[in-house]
Amino acid sequence: MSFGEKIMDYKDEIIADLTELIAIPSITHERARCEEALNWMLKKAESFGLVTKNINNVAGHAELGEGGKLVGVLSHLDVVPEGNNWNSLPFELSVGDGKMYGRGIADDKGAALINLYCLRVLKDNNVIGKNTVRAIFGTKEERGMDDMDEYFAHEPLPDIGFTPDSDYGICKCEKGHIQLEIYADTHDGTTLTQMHSGKAPNAVPDTAYALLDCTENEDHQLARLADAKKGSFEFYYTIDGLMVLSRGKAAHAAFPEKGLNAATALIDLLTSNFSLPSLGSVPNFISSYIGTDTDGVMLGIKMRDNESGPLTLNVGTVHIDEGYATCTIDIRYPVTADGEEIIRKIEEKANREHVHVKLLDHMPPLNVPEDSQIVKILSESYENIMGEKPRLYSTGGGTYARKMGGAGVAFGPVFEDEQCNMHDANENLSVDKFFKHAQICCESFYNLYTKG
């Protein structure tokens, strides 16, 4: 029997606690709710007899052991907005068809709770460790990860660690991550009077709507064109003009090709029937330099490498009304590429269209050597539970591994063949695979805690 299997003794308690944690709607911009989730986790840790520390209600940790290397296992308690089209209540844990559903079950509350229980298992079994292990919890991962900047301003960086906030096996490469705002001084369109879509740059928006001041002939023509376009469109007549509703499919911005962007689909439809100047500078920029592509080809930034794969691009939000026009763009670029050069090329294109570029966030890529100690320990832990070695891979997703100074990687909790709907409606994890992750994670905690 591996040590990791001992966590199965706590299965019923884990599900009960997960029910409480999912019920806290800790959407990343709702600070009071995020603080509530953090304090819930730290209070639970104290009930297990663990030492805790809260850093300014932004991040905190539960700790076991003293001396040796500092091991950090990082997870986050904030979640993206619930979105639309759920088959169950997003902030209520529900179980059906062998799966658990709820916002945060896969990203990242489920894994965060398992981290805490791994410490409890070590403590309850009186394991003598050589190192100090911290389960570190953040609340701004979905908003740029500056929570970890604040945490590590007060606490030391781990000597070694991981974050269960990706897929299995071991993610040794994370693409560079750029978030930009493209905006105009004012909305200068005439036909397009309003457009709104999306709540976050790092999610593919599944709905968008536009209000148009157009003729009856133009709206009939637009409806005919919609039949030939990718996406689903609905037309409504209001006192403010024609409203066009676009429906797409949500997805994580790291994998925009898995979704259908309702905003870019709507702009593509509108530009097929109206002149670009009549729609305004921001829709003009999106149409001219992004279109419905997700690879940056129209911006001249399409690229890939053998280490981490292709660049991806997502238009996450578009907000246009009288007096303002803005959109956000999320880019994940290969680990061997130059992020500053990518930004320069976009600024060059923006200047041509008389719109501005504001850098919201830029995280350089991460590339951990295959022969590093953390890769070796996690590989051993995985093999002890699964009976096979884990694959090494790269991702466009951004995790707390970037905040560990090259000492950590992303590892689990989602298995390769699992469709968990992260950042989409009906986010879920298989019950069986969730507890398989729990065993792998517990085995990893044990090895990191006890090895010199």
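## Second largest pocket

In this predicted model, three strands each contribute at least two residues to the lining of the second largest pocket: β11 (192–197), β12 (203–204) and β13 (207–212). Of these, β13 gives the most to that lining, with three residues.

By residue class, the lining of the second largest pocket consists of 11 nonpolar, eight polar and five charged residues.

## Largest pocket

The largest pocket holds about 730 Å³ of space. It is lined by 39 residues, of which His252, Phe255, Lys258, Cys420 and Met422 are the closest to its centre. Two or more lining residues come from each of the following elements: β8 (166–167), β10 (176–184), β16 (251–252), β21 (356–363) and β23 (392–395). The most is given by β23, which supplies three residues to the lining of the largest pocket.

## Composition of the largest pocket lining

Sorted by class, the residues lining the largest pocket are 11 nonpolar, 14 polar and 14 charged. Among the residues closest to the centre of this pocket are His252 and Lys258.

## Summary of the two linings

For the largest pocket, the volume is about 730 Å³, and β23 is the element that gives the most to the lining.

Definitions and conventions: Residues are numbered from 1 along each chain as its sequence is written. This is a predicted model: local features need pLDDT of at least 70, side-chain atom pairs count only at pLDDT 80 or more; totals for chains, interfaces and linings use all residues. Side-chain values use heavy atoms; hydrogens and water are left out. On a 1 Å grid over the protein atoms alone, a cavity is a set of points where a 1.4 Å probe fits but cannot get out, and a pocket is an open set with protein on both sides within 12 Å along at least five of seven lines; lining residues have an atom within 4 Å of a point. Grid points are joined across faces, edges and corners, and a volume is the space filled by probe spheres set on the points. Helices (H or I, at least four residues) and strands (E, at least two) are DSSP runs, numbered from the N terminus. Ala, Val, Leu, Ile, Met, Phe, Trp, Tyr, Cys and Pro count as nonpolar, Asp, Glu, Lys and Arg as charged, and the others, Gly among them, as polar.
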